[in-house]
Amino acid sequence: MRPQRRGTAGVRRALTAITVPVAAASLAAAPALAAAPAAAAGTPEAGSPGAGSPGARATAPAAGTVGGQRLTGRGIVVNPAPGVPALPKIKAGSYLIADADTGQVLAAKDPHGRYLPASTIKTLTALTLVPKLEPSRLVRPSQKACDVEGTKVGLTPKMQYKVSDLFHAMLMMSANDAAFTLAEADGGVKRTLADMNAEAKRINAHDTLAGSPNGLDKDLGLDVRTQHTSAYDLALILREGMKNPEYRAYMQAIDFKFPAPPTKKQRKKGKKVGGYPIHTHNHMLPGERQAYTGMIGGKNGYTIAAHQTFVAEARRGGHTIVISLMKADAPPSPYAAKLLDWGFAARGKVQPVGSLVPPGDVEQTKNHGDSGVLPDAPLASDDSSRRWLLVGGGAAGALLAVTALFVVLRRRRRLEAARYRSGR
């Protein structure tokens, strides 16, 4: 029976040689692949305002990310390309660079991270109210609106103001009293917030929750849980708003004479209305100290809690780039110029990492191939379910191979045993 013992030992050695490496590989692969999504998502850069700041960022949902799955992570996402410079160093919690004409997102950092908006929320206030309120309508502000905290244009209940005057003040010099008064003209702050959040939902800005019409946070008892937006949503909001000629005109205005009660001297001359000049806070518009060639409009914001925020569009050579910036450590114009420069240099050269989606039902438009949402590539490296499919499929294939080998070796052992018995 010695040949039988030798056959059994051969089978065992063969099985051991195959099953041990397969088992070890499977056990090693599982935790490594389970950890892969976290690595792919990226982490905030060390020293960035978004890193290690409790309450500065609310977690955004990862499943079904609007604009493409690569926009889920917190880190920088970009596809390098020959001839395209490296992304500029930006000390901010989040930013996004996109081709406003095509909707292609060219690069981003934590694009769906939810941050305090500061006055950039006024871009949504305007998007919501410009189509609803007649520009020539006269509105008298309440004393509460006139007494609001922060930057003000200086409204008084003694006067009525045209809606267009209030939009100029809100978007040019970020007047909080003007934003509050526009909300009162819409039927009250509560109704306006409902309208703003409905408008955000309509354009698929699902990271946005408006808690005020003007962006104040701590003064109104708001924090990142009760008022937030994202770099992705700011780009969506501004891109949609700039389609409206009235909205665009307010964004492009540099100087404007704002009405006010007449002075004593003016009253003596028979004037019933006085006024004073107001000037834009967007230092990147033409003629300003940080003018950017091609700048067509934008909105800045700042609170102590939100830090610096900004969203803007510029157009050069027949192409428009939109950028957004959140929780930056310094006034935004220099950072914005770097992001815009990179966007113009990269447009048409780098593969996009996502897309600014159009308004409407994303799922419905996706079924018709026009959502702007970039689908995952087959067996994409950032899809954990597909990675587990590879592991499971590989393990199953190895098991089938081992089973087949076992059957072959067992049959060979029986044949050898039969020959041994016949030879006796």
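This tour visits selected salt bridges in a predicted model.

Side chains of opposite charge can pair when their charged atoms come close. A search of the whole structure finds 11 salt bridges, and three of them are described in the stops below.

**First stop: D207 and R114**

Select D207 and R114 and display their side chains. The two residues form a salt bridge, with 3.4 Å between the closest N and O atoms. D207 sits in the loop between α6 (189-202) and α7 (231-241), while R114 belongs to the loop between β3 (104-109) and α2 (122-129), so the pair ties together parts that are 93 residues apart in sequence. Are D207 and R114 buried or exposed? Both residues are buried.

**Second stop: K132 and D186**

Next, select K132 and D186. Their salt bridge brings the closest N and O atoms to 2.9 Å. This pair also links distant parts of the chain: K132 is in the loop between α2 and β4 (138-139), D186 is in the loop between α5 (176-185) and α6, and 54 residues separate them. K132 is partly exposed, with a relative accessible area of 39%, whereas D186 counts as buried because its relative accessibility is 5%, under the 20% limit.

Finally, select E199 and R202, whose side chains meet in a salt bridge of 2.8 Å, N to O. Because E199 and R202 are 3 residues apart in helix α6, about one helical turn separates them. E199 counts as buried at 15% relative accessibility, and R202 counts as partly exposed at 39%.

Definitions and conventions:
Residues are numbered from 1 along each chain as its sequence is written. This is a predicted model: local features need pLDDT of at least 70, side-chain atom pairs count only at pLDDT 80 or more; totals for chains, interfaces and linings use all residues. Side-chain values use heavy atoms; hydrogens and water are left out. A salt bridge is a side-chain nitrogen of Lys or Arg within 4 Å of a carboxyl oxygen of Asp or Glu. Helices (H or I, at least four residues) and strands (E, at least two) are DSSP runs, numbered from the N terminus. Buried means under 20% relative accessible area, exposed over 50%, partly exposed in between (1.4 Å probe, protein chains only).
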